[in-house]
Amino acid sequence: MDIIASYGTVLILIAAAVGFFMAYGIGANDVANAMGTSVGSKALTIKQAIFIAMIFEFAGAYLAGGEVTSTIRKGIIDSTPFLDLPELMVLGMISALFAAGSWLLIASFLGWPVSTTHSIIGAIIGFALVAVGSEAIQWDKVAGIVGSWIVTPAISGFIAYLIFMSAQKLIFDTEAPLNNAKRYVPIYMGLAGFIMSLVTIKKGLKHIGINLGAVEGYALAIGIAVIVGIIGKVVISRLKIDPKADKKMQFNNVEKVFAILMVLTACCMAFAHGSNDVANAIGPLAAVVNIVENNGEIAKQASIAWWILPLGGFGIVAGLAILGKKVIKTIGEGITHLTPSRGFAAELAAASTVVIASGTGLPISTTQTLVGAVLGVGMARGIAALNMGVIRNIVVSWVITLPVGAALAIVIFYILRTAFGV
């Protein structure tokens, strides 16, 4: 208890620094979740992708980042064993953030798309094991989260497969692909608009004091979807495309139409990712701030200080701007050959899955969701379309993330205990 009274401000400053460091790692590694498919399919350049991601990642983190934060802060470990030892909780959360951020930085340099959620949960489990023992860990919650890591890539892969196959049937495998693209693509645009607006309405607006009921929320989302669809129809009708072109030329022109869609789904995915994954950085930080401000008392309901969400948002933006390129290449070009229509199917499926998970407060891995969706699109073209070597490396990096996060956290936790004399 003494160190909280003596070093309260210092602990908050250290926690803020490592929280920013963790958010930086999330940006560096996870921006590929939003932008990898857009860059891989040549719908966006790297510079355009990073600029768009900066705006929408920050908006997602700041407006809709609150729901998942509460799950990761209160769900993984039971705070009861820490009630008499709040200083261990504070040092543990700081070491978890530092450990997870360090691993994300290493993975980003190597171009590995690892799970930021795996990283922080592994780190939290690691420090809790050595701080108070295995009874502090909510193993049923951990099992549920691990289960979601298996289920969500399967769901997003299935949704991506369905979206891609529907585009094949309705547009590409027809006699007049161009005319059908003009007819059906605005519907896909409306669907993307609906998903993005729904997460904003349901999760984001309440953080700025606007509470809409379920009926009003869905009505507004449908209204936005219709507007997006109409704008899409107008934009597509203005594209200068020769209707007498042969089928191959028509395919290329249809892909141009899907390239417009990719920009929309990239925004959608960046927003959904910001809302879901900012929790990995700000959850442990919010826990530290609350314990220090309450003089060592671990509150049941912890509020998030006003400066924490923007700090997480800025950290994500800094990471993706400075170190985002390497993982983008792995996801966009390494797994399977992507065209705008395939990339759109993968991204919309991943965004849908992330939105569902964010709404239920389950901290899923966005990385695994998107990789699952890209695999789903690749599988629609047969197993030969997949680069199995890259997929094997990705899976190996996923498997080692949890134990590496735990091991790093344990080492840093012992260093901090010695430094503060706890």
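Tutor: Let's start with a definition: buried means under 20% relative accessible area, exposed over 50%, and partly exposed in between, with a 1.4 Å probe and protein chains only. This is a predicted model, where local features need pLDDT of at least 70, side-chain atom pairs count only at pLDDT 80 or more, and totals for chains, interfaces and linings use all residues. Residues are numbered from 1 along each chain as its sequence is written, and side-chain values use heavy atoms, with hydrogens and water left out.

Student: Why is Trp-112 called partly exposed?

Tutor: Its relative accessible area is 29%, which lies between the 20% and 50% limits, so Trp-112 is partly exposed.

Student: And what makes Trp-103 count as buried?

Tutor: Trp-103 has 5% relative accessibility, under 20%, so the term applies.

Student: Why is the aromatic pair of Trp-103 and Trp-112 called tilted?

Tutor: Rings of Phe, Tyr and Trp (its six-membered ring) pair if their centres lie within 6.5 Å; planes under 30 degrees apart count as stacked, over 60 as edge-to-face and the rest as tilted. Here the centres are 6.3 Å apart and the planes 55 degrees, so this is a tilted pair.

Student: Why are H4 (residues 86-110) and H10 (residues 279-293) called roughly antiparallel?

Tutor: Their axes cross at roughly 155 degrees. Angles under 35 degrees count as roughly parallel, over 145 as roughly antiparallel, 65 to 115 as roughly perpendicular and the rest as oblique, so H4 and H10 are roughly antiparallel.

How values were computed. Axes are lines fitted to C-alpha atoms, for helices over the stretch in contact, and angles run from 0 to 180 degrees between N-to-C directions. Helices (H or I, at least four residues) and strands (E, at least two) are DSSP runs, numbered from the N terminus.
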